[in-house]
Amino acid sequence: MASQLLTNSFLELLEKSELLPPAQFNAVVRKLKLQEMPSGFEAAKTLVLNGVLSRFQADRLMQGRYRGFFIGNFKVLEILGVGGMGWVYTAEDLQSGRVVALKVLSEHHQHIVDMQARMKLEVRAGQKLDHPNIVHAYKAEHTGDVDFLVTEYVEGINLQEWSELAGPTSFPQACDFICQAAAGLQHAHSNGLVHRDIKPSNLIVDKLGTVKILDFGLALTRNDEDEFSLAMIFGHDCLGTDDFIPPEQARESYAVDSRADLYSLGCTLYFLLSGRVPFPLKTTPEKLRAHLSKTPQSIGELVPSLPEPVIAAVEKMMAKDPGERFQTAAEVKAALEPFAERKLIPFDFPAMLVERCKDAQRRVSAIKQRRRKIAEASSSSSMARRMMLDSSSQHLQAGVDTGVPGETRPRRSAVSLVNPLDSYTASKIPTINMKAKSRPQQGTQPFPSSRPQSIASATFAPAYLTSQAGGRPIKLYQPYLVVGRDEGCDITIDGAGVSSRHCEFRCDGQHWTVTDLGSKNGIQINGQSVESHAIQSGDELTFGKLQRFRFMTTAQQPQSARITWPAIVASLAVGAAAATAWWWFLAR
């Protein structure tokens, strides 16, 4: 019965999501016999295999979420990756039916005027360009609290990923990559644009071997008043990527011309041929000083089979003095074209998307860990100051009583499209959070649930989780709840070993089931590891091998969770007796 409930709940969420028009929804359910599926997971898998849903959409629905699939007039299909300004998604334009890429400004950058201006400049730059070797930028939009850029969608991998997959690139193929990039740059330079961030990860190649330049977010537009204002207000004395930055750009990013892109393109060719950056040093200052004053190891020494003209071209592109480089991108193309050879590029794009998500998860986890350490250090120093200045220590005591730091938790922005890996699941496909909730204190009921009303209002048997370490019981206040460390969960447990989204509880009206959501440390019932299992009153549940709770129904809930008239009368009697004894003692 529990598995059938999961299937019905999944289908209800799918219908609520509006990913399929009503007529198509009914037809798909009948054709694929989804109601006969043993679980929601099987139904989701069937829809993905039949091309009805993307893995991204199916994963989000399996988490019980039916919002967050639409941004303005676009339906989100998949997550493409993460860049310096935010997350990138594939989406369907609901008006034209065209598949596009959406670059969503990250939560960190949403309120930074500099980044918003950069996005507008990128659109303005992209609208000037129309070339087969440049990813076209269509427009910038704002909906709700989200700023995003709409660009051409390319099903390809960037040259950084290609190098990691295939190792050093053969010189004919590397020369072909650079020739195509040079053709795109020549078009941009002819229209008064300098990219300023040419590097392997900003060159994308499809399976036919066609290379396109992407991300004009740092592009310099000559005689652009907004660009000049940004430089004057925010400085921008060193924009770019340290492994590929030209010397003059390291000194002053605003005072560069098209030859700066040729230096970066030379560093990119050096990387493709050798499999290493020109200056493999540890810190950014060391790399910048090297670009300014040092000569990298000869590419001819690293790649002995390289033809002399190609070695000479690399060295000329990477000359410290712009006057000693090729003066135009067309000259670069002419020098390398005799050695270029176009080849097909074999890669598994869906697998690459999964790898990008894994890599992004590692990066997000590292950032969260650093922020957590900074917050802990800040909280410790803040507490120390209050202890010295506030003799009453009232605020500190409140922090001790609630089991959380006395500092107020910062609220997240209203829209967290930009932080999709908060809900990273076992399927390794991240999800979008369209609306975030304020983080409740441990064991408290959050803001009204975002679950479908038919689920949230269903009849069910309320139950409690009582921590073996003591404290107030946690009430399972609705028939579907997600438990974890993430602030978007229905019940938040900030304990060691608890994953962001650890497990879910479901009730079919009378019986409860707990299901692991791909947590790192799993769940146990009475000492036995389980993935999905019915639970009985009195069972001991363990999250992450450390957080132990006793599951209890309403009828057997702990005394601390119930207030009965006998208990009230008994308390009053004890209080009255104590007061009588006190007055008798004083009267003696």
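Reply: Happy to. Keep in mind that this is a predicted model. Let's start with Arg196, which is found in the loop between strand E8 (193-194) and E9.

Me: What is the phi of Arg196 like?

Reply: Arg196 has a positive phi of about 70°, although this residue is not a glycine.

Me: And is Arg196 buried or exposed?

Reply: Arg196 counts as buried, because its relative accessibility is 2% and the cut-off for buried is under 20%.

Me: Where does Lys33 sit, then?

Reply: Lys33 lies in the loop between helix H2 (22-31) and helix H3 (40-49). Lys33 is not a glycine either, and its phi is positive, about 55°.

Me: Back to E9. Which sheet is that strand in?

Reply: E9 belongs to an open sheet of three strands, in the order E7-E9-E10, with antiparallel pairing. The edges are strand E7 (157-158) and strand E10 (211-213), each pairing on one side only.

Me: How many bridges join E9 to E10?

Reply: Three bridges do, with E9 covering residues 203-205. Ile204, for instance, has Lys212 in E10 as its bridge partner.

Me: Which helix packs on that sheet?

Reply: Helix H7 (residues 171-190) does, touching E9 and E10, and its direction makes about 40° with that of E10.

Me: New topic: what about the sheet of five strands?

Reply: That one is open too, with the order E15-E14-E16-E17-E20 and mixed pairing. Its edge strands are E15 (491-492) and E20 (532-535). Inside the order, E16 (residues 503-507) and E17 (residues 512-516) pair in the antiparallel sense over five bridges, and Cys507 has Trp512 in E17 as its bridge partner.

Me: Now the rings. How many aromatic pairs are there?

Reply: The search of the whole structure finds six. One of them is Phe74 with Phe148, an edge-to-face pair at 6.1 Å centre to centre with 85° between the planes. The two are 74 residues apart, with Phe74 in strand E2 and Phe148 in strand E6. Both are buried.

Me: What sort of pair do Phe244 and Phe271 form?

Reply: An edge-to-face pair, 6.3 Å centre to centre. Phe244 is in the loop between helix H8 (225-234) and helix H9 (247-251), while Phe271 is in helix H10. Phe244 and Phe271 are buried.

Me: Which residues form the aromatic cluster?

Reply: Phe505, Phe543 and Phe549 form one cluster.

Me: Last one: which ring does the charged end of Arg60 sit over?

Reply: The ring of Phe69, 5.6 Å from its centre. Lys207 has its charged end over the ring of Phe347, 5.4 Å from the centre.

Terms used: Residues are numbered from 1 along each chain as its sequence is written. This is a predicted model: local features need pLDDT of at least 70, side-chain atom pairs count only at pLDDT 80 or more; totals for chains, interfaces and linings use all residues. Side-chain values use heavy atoms; hydrogens and water are left out. Two strands pair if DSSP finds at least two bridges between them. Helices (H or I, at least four residues) and strands (E, at least two) are DSSP runs, numbered from the N terminus. Contact means heavy atoms within 4.5 Å. Axes are lines fitted to C-alpha atoms, for helices over the stretch in contact, and angles run from 0 to 180 degrees between N-to-C directions. Buried means under 20% relative accessible area, exposed over 50%, partly exposed in between (1.4 Å probe, protein chains only). Rings of Phe, Tyr and Trp (its six-membered ring) pair if their centres lie within 6.5 Å; planes under 30 degrees apart count as stacked, over 60 as edge-to-face and the rest as tilted. A charge sits over a ring if NZ of Lys or CZ of Arg is within 6 Å of the ring centre and within 35 degrees of the ring normal.
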